[in-house]
Amino acid sequence: MTENYFISRPYVKTIDNGSFTWSSPSNIALVKYWGKKEHQIPENPSVSFTLDHCKTTTTLSFSKKETSSEFSFEVYLDDEKKDDFKPKIETFFKRIERYVPFLKVYHFKIETANTFPHSSGIASSASGMSALALCLMSVERVLLGDISEAMFNQKASFLARLGSGSACRSIEGDLIVWGTHQEIEGSSDLYGVKYPYEVHQKFKNYQDTILLVDKGEKQVSSTVGHNLMHNHPFAHRRFEQAHEHMSQLISIFKNGDVDAFIKIVESEALTLHAMMMTSMPYFILMKPNTLEIINKIWAYRNATNSKVCFTLDAGANVHVLYPENEKETVLDFIKNELVGYCQNGHYISDQIGFGAQLINA
Ligand code: PMV
């Protein structure tokens, strides 16, 4: 399949105005996407848990314009006009116009809100771009008159990817693969797919408590970050390693081998940061409290039978992952031993979720 597959067939219906609201979650990668080629094609496959509580709700209102020569839209975050969001959306529109040719026909009002604080260090690009892509697909569904559920989700993921790579893993749940992997049937560089094989009960309803170590703006944007992988001395080996980790996860998911899962997940988090520490220019995105938390988690795991582990995004915050049956004990551990390392004691309790929802049409 090539990108051309997503060029729309001719529209058979017309619509003058309307609005759609979608709510779409964030996701946390277990095997990380870090490095991309042209057109948002990932250098390696990745897999993520879809989250549940951390999400963006977006209402897209549209009305037909007199002329259709350029994009016309306004953006609001929590009812406040956000002109600084416009360049990113303009870039997104330019990238996807070929696939959703109605973009210049309408004036759009984009109203968006996140369940997590804007300045929490939690990136809203995955949930935000996927919510917007879904709203656009709802418009396209009307214009086409008909589209299968499978094609709707696949194209929403395809469009979301062109907004922010990891956003393509936020359409569905609970475990999503993005990037072609030879042992994972149906996997694609163009969109995310549901992980297609058996997953042991132990990985159902996994918990993710996000410890907010640093709520500041990201020190390195993901665009800059991905670019650091061009000419990186270890890039080639890293991309191979991601393929190997994906292969190993297939049997780990099936057999419920949580110890082996922990090794891969923590190694992936540290490798992501190692890539940033060994690029030119180089960055350290962890903070002293990130390391304190990691050491506390390791000590707790050594002292108990706990299967708690951590992963990291491209920042200082720590995602604490643990099976549902340890919910109470791990939350106690977090409250007693880890909250002190969080900025203003803030953390967000989340868990695996099952994907985006249409709120209003
Ligand atoms: O989707 P982007 O371009 O913001 O990249 C996200 C990269 C990581 O969050 C660090 C890893 C991942 O796979 O989500």
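**Entry: ground rules**

I began with the naming of elements: helices (H or I, at least four residues) and strands (E, at least two) are DSSP runs, numbered from the N terminus. I am looking at a predicted model, where local features need pLDDT of at least 70 and side-chain atom pairs count only at pLDDT 80 or more, while totals for chains, interfaces and linings use all residues. Residues are numbered from 1 along each chain as its sequence is written, and side-chain values use heavy atoms, with hydrogens and water left out.

**Entry: aromatic rings**

A pair of aromatic rings is described by the distance of the centres and the angle of the planes. My rule was that rings of Phe, Tyr and Trp (its six-membered ring) pair if their centres lie within 6.5 Å; planes under 30 degrees apart count as stacked, over 60 as edge-to-face and the rest as tilted. I searched the whole structure and found 26 aromatic pairs.

I looked up Phe-203 and Phe-253 among them: the ring centres are 5.5 Å apart and the planes stand at 85°, so this pair is edge-to-face. Phe-203 sits in the loop between β9 (192–194) and β10 (207–211), and Phe-253 belongs to helix α5 (residues 235–255), so the pair ties together parts that are 50 residues apart in sequence. For burial I used relative accessible area: under 20% is buried, over 50% is exposed, and in between is partly exposed (1.4 Å probe, protein chains only). Phe-203 and Phe-253 are both buried.

I then turned to Tyr-206 and Phe-261, an edge-to-face pair with 5.5 Å centre to centre and 65° between the planes. Tyr-206 is in the loop between β9 and β10 and Phe-261 is in helix α6 (residues 258–277), so to speak a link between distant parts of the chain, 55 residues apart. Both of these residues, Tyr-206 and Phe-261, are buried.

I also noted one aromatic cluster, whose members include Tyr-11, Phe-20, Phe-73 and Phe-108.

**Entry: charges over rings**

I counted a charge as sitting over a ring if NZ of Lys or CZ of Arg is within 6 Å of the ring centre and within 35 degrees of the ring normal. Lys-86 has its charged end over the ring of Phe-73, 5.1 Å from the centre. Arg-141 has its charged end over the ring of Phe-152, 4.0 Å from the centre.

**Entry: salt bridges**

Side chains of opposite charge can pair when their charged atoms come close. I took a salt bridge to be a side-chain nitrogen of Lys or Arg within 4 Å of a carboxyl oxygen of Asp or Glu, and the count came to 12.

Arg-141 turned up again, in a salt bridge with Glu-149 whose closest N and O atoms are 4.0 Å apart. Arg-141 counts as partly exposed because its relative accessibility is 26%, whereas Glu-149, at 53%, is exposed.

Glu-240 is partly exposed at 34%, and Arg-237 is partly exposed at 43%.

Arg-301 and Glu-266 make a salt bridge with closest N and O atoms 2.7 Å apart. This one links distant parts of the chain, as Arg-301 lies in helix α7 (residues 288–303) and Glu-266 in helix α6, 35 residues apart. Glu-266 is buried because its relative accessible area is 7%. I noted one network too: salt bridges with shared partners join Arg-237, Glu-240 and Glu-244.

Grid points are joined across faces, edges and corners, and a volume is the space filled by probe spheres set on the points.

The second largest pocket holds about 190 Å³ of space. Its lining includes Glu-3, Lys-36, Arg-95 and Phe-158, and α3 gives the largest share, three residues. I sorted residues by class (Ala, Val, Leu, Ile, Met, Phe, Trp, Tyr, Cys and Pro nonpolar; Asp, Glu, Lys and Arg charged; the others, Gly among them, polar). This pocket's lining has three nonpolar, two polar and six charged residues.

What lines the largest cavity? I listed Val-47, Val-177, Ile-184, Tyr-195, Met-246, Leu-249, Ile-250 and Phe-253. The lining has eight nonpolar, no polar and no charged residues, and α5 gives the most, four residues. About 30 Å³ of space lies in this cavity.

Technical notes
1 Å grid on protein atoms, 1.4 Å probe; cavity = no way out; pocket = protein on both sides within 12 Å on 5 of 7 lines; lining within 4 Å.
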